[in-house]
Amino acid sequence: MTSPVAAPTIRPVRPEDVPAVVAMVHELAEYERAPEQCHLTAEQLHAALFPAAPALFGHVAVDAADEPVGFALWFLNFSTWAGVHGIYLEDLYVRPVARGTGAGRMLLATLAGICVERGYERLDWWMLHWNPAARFYASIGATPMDEWTPYRLTGPALRALAARTTPAPTHPAA
């Protein structure tokens, strides 16, 4: 008989959590059928999360031994229509061993709490259309935004467009 897994605790990512979060990002890439596209290193994630003025933030779900079993990585966005920031959830992942413990719901609730506390009006994320998490997201009241089509510039197309920029005019010294 197996004992029930205790509900995890949610806390901000600490530097010592970075290797576990990177491993889970790679697990997520495998789950999303694109492991060859994931190149994140511990050095990159540490540099993104812990500079003087970070642009990336993270929370982890930790088990009773304080070992990360899930994570949420996020950054701020801004709604020009609402005139306030929001949170864009880049990735949320819970290891299979911790699924069903409430870790995913608790991670999202933590981000929702940050939104409410700071006066942000929305929490956004993308999800692959085949991901069974859609049922979970619907259960917490999230709605798909199917009227919007995401676009992305990358690789040669990104470089080609960047090459078409015009340098800003210089102003003579007064």
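## Terms and model

A residue is called buried when its relative accessible area is under 20%, exposed when that area is over 50%, and partly exposed in between. By this scale E27, at 27% relative accessibility, counts as partly exposed. The structure described here is a predicted model.

## The sheet and its helices

Five strands, in the order β1-β2-β3-β4-β5, make up an open sheet with mixed pairing. Its edges are formed by β1 (9–12) and β5 (123–124), each of which pairs on one side only. Strand β1 runs antiparallel to β2 (residues 57–62), and 4 bridges join the two. Within this pairing, T9 has V62 of β2 as its bridge partner.

Two helices are described here as packing on the sheet. Helix α1 (residues 18–31) touches β2, β3 (68–79) and β4 (84–94), and its direction makes about 80° with that of β3. Helix α3 (residues 103–118) touches β1, β2, β3, β4 and β5, and its direction makes about 170° with that of β4.

## R11 and its surroundings

R11 is located in strand β1. With a relative accessibility of 9%, R11 falls in the buried class, because that class covers values under 20%. Leaving aside residues up to four places away in sequence, R11 touches D17, H59, V60, V62 and D66.

Two of these neighbours are also polar partners of the R11 side chain. The side chain of D17 makes a polar contact with that of R11 at 2.6 Å, and the side chain of D66 makes one at 3.2 Å.

## Salt bridges

Across the whole structure, a search finds 5 salt bridges. One of them brings together the side chains of D17 and R11, at 2.6 Å from N to O. Both partners are buried: D17 has a relative accessible area of 3%, and R11 stands at 9% relative accessibility.

Another salt bridge is formed by the side chains of E27 and R95, at 2.8 Å from N to O. Because E27 lies in helix α1 and R95 in the loop between β4 and α3, this pair ties together parts that are 68 residues apart in sequence. As stated at the outset, E27 is partly exposed, at 27% relative accessibility.

A further salt bridge links D124 and R122, whose closest N and O atoms are 3.3 Å apart. D124 counts as buried at 18% relative accessibility, whereas R122 counts as partly exposed at 39%.

## Cysteines

How many disulfides does a search of the whole structure find? The search finds 0 disulfides. In general, a disulfide is a covalent bond between the sulfur atoms of two cysteines. For a pair to be counted, the sulfur atoms must lie within 2.5 Å of each other.

Are the cysteines C38 and C115 buried or exposed? C38 is buried at 16% relative accessibility, and C115 is buried with a relative accessible area of 5%.

Conventions: Residues numbered from 1 in each chain as written. Predicted model: local features only at pLDDT ≥ 70, side-chain atom pairs only at ≥ 80, totals over all residues. Heavy atoms only, no water. Pairing = 2+ DSSP bridges. Contact = heavy atoms within 4.5 Å. Axes fitted to C-alpha atoms, helices over the stretch in contact; angles between N-to-C directions. Buried < 20%, exposed > 50% of the residue type's maximum accessible area, 1.4 Å probe, protein only. Polar contact = N/O pair within 3.5 Å; in protein donor to acceptor, adjacent residues only side chain to side chain. Salt bridge = Lys/Arg side-chain N within 4 Å of Asp/Glu carboxyl O.
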